[in-house]
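Student: I would like to go through this protein step by step. Could we start with the chain as a whole and then move to single residues?

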Amino acid sequence: MRIRSAAPAALAAVALTGSLFAASPASAASHQGGLHLGYIQFDSPGSDNRSNASLNGEWVNIHNNSRSTIQLKGYKLKDNTGYTYTFGSYKIGSGKTVKVRTGKGRDAAGVRYWGRGSYVWNNTGDKARLIKPNGSQLDSCAWNRRGSGAVNCH
């Protein structure tokens with residue numbers, strides 16, 4: 001569910017409080033090495049008109065900070081609602097990042113497309129989870145304010 005607040009009073013409150021409403025991770029795992037969530041653009045730039053370009057303005061980076069290539073087949077990316085992206089066969093090299101975009105497109109090196117026709121990440125608060133093929137949670141990153149529309153989970 002996509003929640004937008006267009007109320008002028010709410011916008012004024014955000015403007016008055018300044019950095020208090022900046023997006024920041026409410027929770028993020030310690031990233032000493034391995035696969036983890038990186039930067040998340042949870043609010044696509046511009047108006048939310050559900051165009052494919054707008055949907056693809058929403059994305060999650062997953063970074064491999066290990067010394068080895070990791071096969072992502074069966075890994076899942078989930079939000080609080082339960083929307084789930086499951087990786088097919090895809091290898092992420094050491095030190096590399098893969099971007100998972102919400103909309104449709106042609107998968108390529110470094111980018112995967114969820115193929116959705118509606119938004120996934122809630123602007124006012126949500127939580128991204130990276131789940132291993134065995135079902136255990138590897139990493140998560142939450143936010144609770146719109147701010148700039150992005151959060152760095154490192």
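Tutor: We can. In this predicted model, residues 24 or more positions apart account for 62% of the contacts with a separation of 6 or more.

Student: How many helices and strands does the protein have?
Tutor: Read along the sequence, the pattern is α-β-β-α-β-β-β-β-β-β-β-β-β-β. Counting the elements by type gives 2 helices and 12 strands.

Student: What share of the residues is buried?
Tutor: A residue counts as buried under 20% relative accessible area. The protein has 154 residues, and the share of them that counts as buried is 40%.

Student: In what order do the strands of the open sheet lie?
Tutor: The sheet has 5 strands with mixed pairing. Its edge strands are E9 (111–113) and E12, each of which pairs on one side only. Neighbouring strands are turned by 25 degrees against each other on average, direction ignored. The order is E9-E8-E3-E2-E12.

Student: Which residue of E12 is the bridge partner of Tyr39?
Tutor: Strand E2 covers residues 35–41 and pairs with E12 over 3 bridges. The sense of this pairing is antiparallel. The bridge partner of Tyr39 in E12 is Asn152.

Student: Which residues does Leu72 contact, leaving aside its neighbours within four places in sequence?
Tutor: Leu72 is one of the core residues that touch the most other members. With the neighbours within four places set aside, its contacts are Leu35, Phe87, Gly88, Tyr90, Ile92 and Val98.

Student: Is Ser136 buried, partly exposed or exposed?
Tutor: Ser136 lies in the loop between E10 (126–131) and E11 (137–143). Its relative accessible area is 31%. The range from 20% to 50% lies between the two cut-offs, so Ser136 is partly exposed.

Student: Which side chain makes a polar contact with the side chain of Ser136?
Tutor: Leaving aside neighbours within four places in sequence, Ser136 is in contact with Leu130 and Ile131. The polar contact between side chains has a distance of 2.8 Å, and the partner of Ser136 is Asn134.

Student: Why is the disulfide called left-handed?
Tutor: The structure holds 1 disulfide, formed by Cys141 and Cys153 with their sulfur atoms 2.1 Å apart. Both cysteines are buried. The handedness follows from the torsion about the S-S bond, which is about -85 degrees.

Student: Is Arg50 buried or exposed?
Tutor: Arg50 is found in the loop between E2 and helix H2 (52–55). Its phi is near 65 degrees, a positive value in a residue other than glycine. Its relative accessibility is 51%, and exposed means over 50%, so Arg50 counts as exposed.

Student: Is Asn56 buried or exposed?
Tutor: Asn56 is found in the loop between H2 and E3. Leaving aside neighbours within four places in sequence, it is in contact with Arg101, Thr102, Gly103, Lys104 and Tyr113. Because its relative accessible area is 11%, Asn56 is buried.

Conventions. Residues numbered from 1 in each chain as written. Predicted model: local features only at pLDDT ≥ 70, side-chain atom pairs only at ≥ 80, totals over all residues. Heavy atoms only, no water. Helix = DSSP H or I, 4+ residues; strand = E, 2+ residues; numbered from the N terminus. Buried < 20%, exposed > 50% of the residue type's maximum accessible area, 1.4 Å probe, protein only. Contact = heavy atoms within 4.5 Å. Polar contact = N/O pair within 3.5 Å; in protein donor to acceptor, adjacent residues only side chain to side chain. Disulfide = S-S within 2.5 Å. Pairing = 2+ DSSP bridges. Axes fitted to C-alpha atoms, helices over the stretch in contact; angles between N-to-C directions. Core = buried A, V, L, I, M, F, W, Y, C linked by side-chain atoms within 4.5 Å.
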